[in-house]
2 protein chains.
Amino acid sequence: MSSLITALGPGREFDIIRELIARWGELASGIGDDAAVLAIPAGERLVVSADSSVEHAHFRRGWLTPREIGWRATAAALSDLAAMAAAPLGVLPSLSVPGSWLPDLPALADGIGDAVRAAGTCIVGGDMTAARDLSIAITVLGHAPAPLRRDGARAGDQLYVTGRLGGPSAAVRAWERGQTPDPESLARFAHPVPRLREARWLARHGARAAIDISDGLLGDAAHLAAASGAHVVLRLDELPTVGGAGPLDAARSGEEYELIVAAPALDTAAFEREFNLPLTAIGVVEQGAPALHATLHGERVALEGGFSHFS
Amino acid sequence: MSSLITALGPGREFDIIRELIARWGELASGIGDDAAVLAIPAGERLVVSADSSVEHAHFRRGWLTPREIGWRATAAALSDLAAMAAAPLGVLPSLSVPGSWLPDLPALADGIGDAVRAAGTCIVGGDMTAARDLSIAITVLGHAPAPLRRDGARAGDQLYVTGRLGGPSAAVRAWERGQTPDPESLARFAHPVPRLREARWLARHGARAAIDISDGLLGDAAHLAAASGAHVVLRLDELPTVGGAGPLDAARSGEEYELIVAAPALDTAAFEREFNLPLTAIGVVEQGAPALHATLHGERVALEGGFSHFS
């Protein structure tokens with residue numbers, strides 16, 4: 001948190017950073033050196049990812065409250081730890097803040113704090129600077145004894161998805177038409193939940209590949225199939241959806257932050273009891289050349305876009 | 001590297017990210033999952049920091065080449081690892097890129113790669129998105145058996161500074177007057193070198209507190225004095241300077257990325273032989289209340305600004 005915010009004038013940057021750190025309280029109690037110092041549990045690996053949310057590119061100011069924007073950016077970044085079945089170790093928010101956003105900065109910081117607290121982790125560093133667009137770049141650190149990767153799916157595995165899909169794309173579509181999204185879709189867009197505990201349960205129960213849904217189920221299942229060299233067939237009829245979304249819309253909806261996992265067989269009822277969240281078998285990994293296929297109403301669906309990884 | 005660059009259109013973001021990864025070659029060979037997986041040497045601590053460079057706030061396009069901008073942003077972030085005497089483990093660049101910068105993105109990436117290669121480390125992840133200002137948010141990861149902090153200075157210690165100061169502020173002053181900076185000042189601004197190996201040498205030889213100079217020698221020495229609860233007196237006459245800078249200008253010049261260390265006594269000649277870089281004793285830690293004082297030509301200098309940490 002030592003960067004100079006030239007545009008705010010001398011001293012002002014420290015005042016703002018101090019305000020934020022005070023606001024975060026216990027969540028940010030270790031901040032203050034050039035870098036954070038952390039310990040990784042013996043025998044475990046460090047897992048790290050960086051993820052940015054930028055005004056205009058990822059969200060518009062009128063769609064969400066500042067607190068929701070802070071939550072969503074942080075939850076999206078933490079979702080990358082969930083995709084690896086890692087336990088969170090710390091979060092570093094790097095904020096680029098236009099002058100017009102300064103009055104909303106406390107609420108934005110509260111949203112970041114909410115997501116950090118909900119994940120049971122803390123803020124270990126970060127950075128702040130002035131810019132014309134609000135940009136929230138979040139680095140997340142985690143640890144895992146055996147991180148789940150994308151490349152572990154094998155013929156015979158089932159593919160499972162957590163939660164219900166389609167909410168974020170329905171919400172964006174409504175806003176773009178000048179309408180208000182239905183409450184369930186809005187909640188899924190404004191308040192995605194990184195599936196951190198769920199992912200570790202899945203890893204303990206036999207999952208051997210995972211990815212989170214940021215580019216849409218079809219896009220991310222294709223990434224997983226490509227990385228694993230696997231022939232994946234999805235049954236879109238079985239996809240649990242939100243707010244009346246159709247299965248194809250739900251399968252293309254991005255920024256869901258649910259998980260796709262490949263595993264020999266999972267006890268979905270036990271998962272649902274534990275987390276009060278659906279875990280649904282939606283496909284299989286078959287013998288065959290690396291590819292992604294999908295069926296709907298018993299027919300093969302033509303898939304376009306997002307599959308250049310196979311070309 | 002999985003974020004959606006909405007403004008660039010479907011598929012385009014993957015093309016650009018693939019181009020960058022191809023350009024980085026061996027430096028980025030591990031990228032491709034939701035998060036990077038790294039090992040910390042047994043018994044060592046993880047050291048992590050995030051640092052952003054934003055167009056207009058930190059640099060202007062006409063001042064530096066895109067390759068220099070990439071180098072400088074990365075070197076500045078790595079300097080936080082040097083301040084902790086940590087060995088680098090990996091770098092995650094998060095780039096926000098306006099359309100007008102896309103043609104310069106390969107050169108910018110080369111500059112990032114140059115700095116990563118010079119530090120003997122690699123690119124383990126990152127993110128890219130569209131924005132109106134170029135923003136380069138760099139997260140750096142390192143490890144150290146006993147990271148150097150700001151709070152270890154004790155009465156009786158000497159204060160030392162690496163290198164020669166004043167170049168960056170002289171360069172910015174020249175540009176702001178419409179002039180061309182002298183070559184030495186320009187080089188110090190465009191091509192700062194994170195003192196990574198130097199810092200580990202200093203830690204091995206007895207340094208017990210360190211900070212890098214991002215806010216200027218006076219500002220950062222004040223941070224160190226405040227964190228250590230130490231009474232520090234600097235002798236500005238002894239400050240090695242660049243390009244004819246006066247000692248007060250050099251002591252206020254920010255974004256130097258040299259190190260200040262506190263140590264009982266260091267063999268400056270041995271350091272200079274090893275690194276071909278000055279290491280200069282410029283002050284002492286005395287018994288007394290936490291404060292920073294400075295003398296010039298035998299007189300006490302009035303210090304204003306940057307010292308609110310004591311208030």
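The legends below describe close-up views of a predicted model with a chain A and a chain B.

Because the model is predicted, local features need pLDDT of at least 70 and side-chain atom pairs count only at pLDDT 80 or more, whereas totals for chains, interfaces and linings use all residues. Residues are numbered from 1 along each chain as its sequence is written, chains are lettered from A and ligands numbered from 1 in the order in which they are written, and side-chain values use heavy atoms, with hydrogens and water left out.

**View 1. The interface of chain A and chain B.** Chain A gives 57 residues to the contact and chain B gives 57 residues, where contact means heavy atoms within 4.5 Å. About 4,800 Å² is buried between the two chains, 48% of it on carbon and sulfur atoms; buried area is the accessible area (1.4 Å probe) that two parts lose on being put together, summed over both. Across this interface the rule finds 16 residue pairs in polar contact, both residues being at pLDDT 80 or more. A polar contact is a pair of N or O atoms within 3.5 Å; within protein, one must be able to donate a hydrogen and the other to accept it, and residues adjacent in sequence count only if both atoms are side-chain atoms.

**View 2. Strands that pair across the two chains.** Strand β2(A) and strand β1 (residues 36–38) of chain B pair in the antiparallel sense over three bridges, and A:Leu46 stands opposite B:Leu38 in β1(B). Strands (E, at least two residues) and helices (H or I, at least four) are DSSP runs, numbered from the N terminus, and two strands pair if DSSP finds at least two bridges between them.

View 3. B:Asp34 lies in the loop between α1 (12–24) and β1 of chain B and is buried, with a relative accessible area of 4%; buried means under 20% relative accessible area, exposed over 50%, and partly exposed in between (1.4 Å probe, protein chains only). The side chain of B:Asp34 makes a polar contact with the side chain of A:Arg150 at 3.3 Å. Leaving aside neighbours within four places in sequence, the residues in contact with B:Asp34 include A:Ser49, A:Met84 and A:Ile211.

**View 4. A salt bridge between A:Asp33 and B:Arg150.** Side chains of opposite charge can pair when their charged atoms come close. A salt bridge is a side-chain nitrogen of Lys or Arg within 4 Å of a carboxyl oxygen of Asp or Glu, and the closest N and O atoms of A:Asp33 and B:Arg150 are 3.7 Å apart. A:Asp33 lies in the loop between α1 and β1 of chain A and B:Arg150 in the loop between β5 (135–144) and β6 (158–162) of chain B, so the pair joins two chains. A:Asp33 counts as buried at 18% relative accessibility, and B:Arg150 is buried at 9%. The rule finds six salt bridges across the interface.

**View 5. A network of salt bridges in chain A.** A:Arg188, A:Arg195, A:Glu198, A:Glu256 and A:Glu258 are linked in a network of salt bridges. A:Arg188 forms a salt bridge with A:Glu256, with the closest N and O atoms 3.3 Å apart; A:Arg188 is in helix α5 (residues 183–190) and A:Glu256 in the loop between α8 (247–252) and β9 (259–263), 68 residues apart. A:Glu256 counts as buried at 0% relative accessibility, and A:Arg188 is buried at 12%. The side chains of A:Glu258 and A:Arg188 also meet in a salt bridge (3.3 Å, N to O).
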